[in-house]
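Keep the structure open as you read.

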Amino acid sequence: MGADLIRNGCTASRRRDVQNLHPRSRVHDLSRAFSVLGSYERHRCKHSLRQSAHTSLKHDLLFEKELSQMSSSGLLWSCASQESKPALLLLRKALVWPHPGAGQAFMLLWVSVLVLAPVSGKSEAAAKPVISLHPPWTVVFTGETVTLTCHVLHFHAPEKIKRFLWYLEGRILRETPGNTLEVRDSGQYRCQTQDSLPSDHVSLIFSSANLILQAPPFVFEGDSVVLRCRANAEITLDTMTLHRWGKVLSVSDESSDFRIEQASLKDNGDYHCSGFKNGCCSYSSNMINIEVQELFPRPVLTASLSPTVSGKSVTLTCKTQLPPLRSDVKLWFRFFKDDHMLQLGLESSLKISTLTTRSRDPPYYWCEAQRGSSGVCKQSQKSQLRVQIPVSRPVLTLSPHGAPVPEGHTVTLTCKAESGSFPILYQFLREEVVIQKMEPTRGMKSVMSLRAEHSGNYYCTADNGLGAQRSLPVYLAVTVPVSRPVLTVRTPRAQVVEGEVVELYCGAWKGSPPILYRFYHEDNALGSSRVYSRRGASFKLPLSAEHSGKYACEADNGLGARRSETVSLDVKVPASRPVLTVRTPRAQAVEGDVVELRCEAQRGSPPILYRFYREDNALGSSRVHSRGGASFKLPLSAEHSGKYACEADNGLGARRSETVSLDVTVPASRPVLTVRTPRAQAVEGDVVELRCEAQRGSPPILYRFYREDVPLESSSAPSGGGTSFYLSLTTEHSGNYSCEADNGLGAQRSEVVPLSVIVPASHPTLTLRAPGAQAKVGDMVELRCEAQRGSPPIWYWFYHEDVPLGNSSAPSGGGASLNLSLTAEHSGNYSCEADNGLGARRSEAVPLSMSGLTRSRSGPIATGVTGGLFSTLGFGVVALLLYCRLPRKAGGRPTSDPSRSPADSDVREPVYHNAPAWLELQPVYSNVNPKGGEVVYSEVRRIPQGSKPAANSDSVLGLLRTHLPSHGQAASHRPSDPPGSSVIYSQVKVACPSAYVAPQS
């Protein structure tokens, strides 16, 4: 059954072709076309053609013979030149000429050796690999993996394939050692090996849709095609429908696969599928275009003479080609002579006996190729067979013969073949390069003339389509003056850098060797070289900066020297190590100054980019387009101290300078003066700390301390910070204090800090003032308490036998008084206390006795003595007043030293005067040192009413001291007193109040 189908697969087509046969065809025109086809092929194919035909005869087995013929069938295309390939395509098309007798005549196929030429290297290089998919779908769900396999043709030896390149959207995706690649991304994929062109692209879509239609990437005639309508894992469909061109093609509720049996062109179209879930919803898939491709083209019947039995037999080959993706398909071949089948099988060639060239009515031959038993079947054109005689080896002759020919003279070349079928195509070559192709001719020779320009071996070839024949070489010597040479400078990189070696290459494209080449730099000879071939000459030059300039070369073969155009060479000098200079406006770099960082490389081709760094941190950059350095201005702050460097870069390698240290000196800021006291108030005798500190400023800093702008002390802080000055306080230290900080960049004065020194109150003096000489009951006595020293305000407390009587304040200093109306109880010891917050001080006790209470034995004596004493001292008081007033009226200085204290006046010699105005004096009793009990000093002082003793310059101070001896050393040298009596010593001392100056603390 299968054999019958194979025999009858193309019966209808064969019968139609037989009915249209005509016994006579236009053999001459077709013969000429095939002759032209063969004439364009290279002589290099000749050996391969013969070897292939010879090999095909040696194979006995059917499969080996089939492989041999398949190998032979590809060489024609690769051996053919670009010009002949369009002619080869004529073998695959029917050329029909009108005929008045039969309506149509078919092309007569001339026997051509080139038609069966085997595959050569060019088609290998031009072959494309093919990509297959696993699974075989172009649309899959996102997240799935598709394995791409890059298939190469059988003539690529697997061991020669070292790597596979994969492309995605025209860009290189990856290189793999194997021919597979797993992908997960949509796009167009290609593959390529090192000896092939890129494959045709395969488009993959990774879809996130709910429903997709899957189809194979390629569909060929006769394929059984599976279209799969597939839903994602989350959807279950009850019914699936396949659509083409929007119309329902098939419906299935059991399977998701739809089949197209024996695909043909009628199955082309746009397909999609839809799915329906009962009671829910429907889904629609993507659109897929299916284009059924031709499985194999219409076969072409070719014929070839077997070289071993030339003229005796012919091998017919039914040539077609399967696509690489279907190279595993087996084709059945049938050969026919007129209307009789000669052979059936998998072998694509048939060997038959040839007819003689005298046959007037040669038979028609054709073949059929069919896929399997019932697949695609195609038939070749019918052709007549006639034998042609190969051309013989031609002979090339030159005229004139032998002697060198000057350039520009005419030379005649004649190529002649002794035998061969017409037409014959002649070609002329020089050193394997075709210089002239002649039109096909029916003559046995061809002649051409050329202008002598190139020496070398000349050949000619003759080709009538049965194999080109080549003549022996003939040498033509042409004497050619050198052309103007071209100088090329070959450098190892784009820029020419000092220290590198450049190659000066000089070449003249014309000129008979030997040629002497000379090299020049600014017309100064560098060197020369003689070349005995057509190549140029080179000169290697180690570069320095002086080699910049114009270069030229000269070529001379004795027929006239020619100089090239000049070539400029700019030698780039790498930047040398730069030098960084820091330019400051003064000896020291001071905060606030603007310094200039100057960076300069002594050598280097401009432009040079200078970069400035501080502690490897970039500050700025500047590009200089001429010689010289670059500057960078930097306003200084304290943070700019550190190490600086610069870098020079002209594109040939950056060079960094040595580091330069910059120490930014910061002027001392305005200092702050702090007075640190041991207590809240500054008290006389305390030690206070004057602390002066500038928050900013470079050390060492010299600190100076001032009181009322008078320098007190200076001290240095070598490491920065502040310094202190300690002061033991006296009253003179009150005032305004300040300090000064100076680190050589300008002294800064602090704000003024006032300091008030508080003086503790001294022991006060208590004075009792009575209206008469003797205090008596009823008198109003004034108790006057006064501390000679002490900072106000001072509080005074009065005591009678240590019992407080009252208190009074002196806000501005001075003393305070307490008036007391005497009673009998007021006799006793009185004292007072002064306190200004720095410690209370108690006066000496002063006794007070009143007359009329207890008679004192010393009372009458004291009264008598006092009266006599004042009467005798009257004149002394007057003299003392005059003594104190006269110098003041004269504008002079008092004779008493104002610097002397009251303690100094106490040591004066006693002065005795009579007091004429005794009744006007008001007695004041003051006891000093009452604790002794034996010695009593009495003072009689007259104090004008309403004024203080220390402030009244006209007051007269009288001191009356009474000594009451009892025992001790003081009584030992005095005359003994009568029993029951007392001896009284009186002393009166007068001092000028105006001359008294309070002691300074």
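**Cysteines and their links**

Cys646 is buried, as its relative accessible area is 0% (buried means under 20% relative accessible area, exposed over 50%, and partly exposed in between, with a 1.4 Å probe and protein chains only). Keep in mind that this is a predicted model, where local features need pLDDT of at least 70, side-chain atom pairs count only at pLDDT 80 or more, and totals for chains, interfaces and linings use all residues. Residues are numbered from 1 along each chain as its sequence is written, and side-chain values use heavy atoms, leaving out hydrogens and water.

What does Cys646 form with Cys599? The two make a disulfide with sulfur atoms 2.0 Å apart (a disulfide is a pair of cysteine sulfur atoms within 2.5 Å). Cys599 sits in strand E49 (residues 594-600) and Cys646 in strand E53 (residues 642-649), so the pair ties together parts 47 residues apart in sequence. Strands here are DSSP runs of at least two residues, numbered from the N terminus. Cys599 is also buried, at 0% relative accessibility.

A search of the whole structure turns up eight disulfides. One of them joins Cys150 to Cys191, S to S 2.1 Å. The torsion about their S-S bond is about 75°, so this link is right-handed. Both Cys150 and Cys191 are buried.

Another disulfide connects Cys785 and Cys832, with an S to S distance of 1.9 Å. Its torsion of 70° makes the link right-handed.

Note on methods:
Helix = DSSP H or I, 4+ residues; strand = E, 2+ residues; numbered from the N terminus.
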